[in-house]
Amino acid sequence: MVEVQPLLAPDYNTLILPILRLLGMPKTAYPLLPLNGIFAINKPSGPTSMALITRLKPMFSASRLFASENQLEQLKTSSGTGKKAYPGPTQSGELTGKDRNKGKKRGERTNWKKLSRQYVKMGSGGTLDPLANGVLIIGIGDGTKHLGQFLDCYKTYRTRGLLGCETDSYDSEGSLIRIAAWKHVNRALLLSKLDRFRGDIMQTPPIYSALKVDGRPLYEYARQNIPLPRPIEARKVTISSIDLTAFTPSTHHHFRFPSKRLDDDRKRELEKISALIAEKAQGSQSATNEVQGDVNSDIINVLPVSGTNERSSPHGSVGEVPGEEVPPIFELEMTVSSGTYVRSIVHDLGIAVGSAAHVVVLTRTRQGEFVLHEETAEMADYEAGTVERRGLPCVEWSVLEGALEKWEADEDIDVDADGWTEWELEILNKWPDQTEMMHLP
């Protein structure tokens, strides 16, 4: 007897889907299962990108969306139920797999390490800071091999900066380190400084970032009094567009200065790092002058300021908030090349206008072909040619989170007449054609 092999997903995408479209098949003509490829989710502000993936893996692994019947059966055999909580903490206070085994007899304990090997392979096409929300590209199975294309593509962001305050991380997650004058700043002044941030600029990453020198985080050099082996090199990045989209007075927003302050050890650490960068910086020009450099240059230096008089607080000691008045916020929209730190742009713009600023909201609205839901039209409109297609929609995190909360509480998740849950249908309805996504022949 000749065994008939099931049609593989690549053949489905390259052969079947085009035929279905020619025949006018509706959107509910779902792709072949299990799914294997690339899609995007609308990441919420708060958790890290990796925390979301860690949390999603078990639920995805037990779904027929991403696992074959054999894989589901193996998972059920290994776990006893086919349903298991994620093996490690994703946020402070959550239980680890080891915690979940406490008090259980040997035969009742779960081998989380063994189970994790049966999870679907998942990865992300670039990360987002915990504060940031928006487009997060996810690869499933073989899709993880094709995520590199999204690391080098252009990205679009919307961000809000609060004037008058600088933090060590350049965003509201950090500690307040400087307060500056801000009442002289208005929309016209901000607009006048944006030209120097357009085109190719040289940008130094924030001190507290993922930056490493010879495999060691930058802050470790300061803590251990180790000289930097070489200068912290500014990197060429491209700002394709940057626009001021809003300038909001304090009476119309709720943002305030961070409550966190640096202790003495952290202050000394920050001073050491700044001194190391200043000592190794090329040229004799101060960092402030470089931020306010020649606008007509082909490449404009945008470097963090370190320990100069221009940065001293005009209101006394660091952390002293002058009165109860709150500065305005400004909103920027920008399209940037890979490796660009939006936090640094907001921080440096604050310095350029003679004040200080830090990020309070950061949203990635586009990465590659993926855009946030509000920027897309209905698929029927695209296919009818009545509107121009602007991008592929993201899976809404709120739908996934609702299912995860029930999953992690061992509660049943409602299904429709065909056995699909709401979160599975959300992914199916927004699953993109993988032909171009994975460069299939």
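Contact here means heavy atoms within 4.5 Å. The structure is a predicted model, in which local features need pLDDT of at least 70 and side-chain atom pairs count only at pLDDT 80 or more, while totals for chains, interfaces and linings use all residues. Residues are numbered from 1 along each chain as its sequence is written, and side-chain values use heavy atoms, with hydrogens and water left out.

By that contact rule, Asn 133 touches Lys 43, Pro 44, Ser 45, Leu 128, Leu 362, Thr 363 and Arg 364, when residues up to four places away in sequence are not counted. One of these neighbours, Thr 363, also makes a side-chain to side-chain polar contact with Asn 133, at 2.9 Å. A polar contact is a pair of N or O atoms within 3.5 Å; within protein, one must be able to donate a hydrogen and the other to accept it, and residues adjacent in sequence count only if both atoms are side-chain atoms. Asn 133 itself belongs to strand S3, residues 133-140. Helices (H or I, at least four residues) and strands (E, at least two) are DSSP runs, numbered from the N terminus.

The chain as a whole contains 14 helices and 15 strands. Of its 441 residues, 46% are buried, where buried means under 20% relative accessible area, exposed over 50%, and partly exposed in between (1.4 Å probe, protein chains only). The accessible surface of the chain is about 22400 Å², and carbon and sulfur atoms account for 49% of that surface. These areas come from the Shrake-Rupley method with a 1.4 Å probe, and for residues only the protein chains shown count as cover. Among contacts between residues at least 6 apart in sequence, 77% join residues at least 24 apart.

Strand pairing is illustrated by S4. This strand, residues 155-163, is mostly covered, with 7 of its 9 residues buried. Two strands pair if DSSP finds at least two bridges between them. S4 runs antiparallel to strand S12 (residues 329-336), to which 8 bridges join it, and Leu 162 stands opposite Ile 329 in S12. S4 is also antiparallel to strand S13 (residues 357-367), through 9 bridges. There, Thr 159 has Leu 362 of S13 as its bridge partner; Leu 362 is also among the residues that Asn 133 touches.

Helix H10 (residues 342-352) is mostly covered, 11 of its 11 residues being buried. Its buried residues include Arg 343, His 347 and Asp 348 as well as Val 342, Ile 345 and Leu 349. Just after H10, Gly 354 adopts a positive phi of about 75 degrees. In helix H13 (residues 422-429), the buried residues are Trp 423, Glu 424, Glu 426, Ile 427 and Leu 428. They pack against strand S1 (37-43), helix H2 (49-61), strand S15 (395-396) and helix H12 (397-408).

A nonpolar core is a set of buried Ala, Val, Leu, Ile, Met, Phe, Trp, Tyr and Cys residues joined through side-chain atoms within 4.5 Å. The largest such core has 55 residues, and those with the most contacts inside it are Ile 41, Phe 60, Phe 66, Trp 423 and Ile 427. H12 supplies the largest share of this core, 6 residues. Apart from it lies another core, of 12 residues, among them Ile 38, Val 135, Ile 137 and Phe 370. Ile 427 touches Leu 35, Phe 39, Phe 60, Leu 65, Phe 66, Val 395 and Leu 400, residues up to four places away in sequence again being left out.

Charged pairs complete the picture. Side chains of opposite charge can pair when their charged atoms come close. With a salt bridge defined as a side-chain nitrogen of Lys or Arg within 4 Å of a carboxyl oxygen of Asp or Glu, the count comes to 11. Glu 408 and Arg 55 meet in one of them, at 2.7 Å from N to O. This pair links distant parts of the chain, since Glu 408 lies in helix H12 and Arg 55 in helix H2, 353 residues apart. Arg 55 counts as buried, at 11% relative accessibility. The side chains of Lys 183 and Glu 325 form another salt bridge, at 3.1 Å from N to O. Lys 183 lies in the loop between strand S6 (176-179) and helix H6 (187-193), and Glu 325 in the loop between strand S11 (300-302) and S12, so the pair ties together parts that are 142 residues apart in sequence. Lys 183 is exposed, with a relative accessible area of 61%, whereas Glu 325 is partly exposed at 45%.
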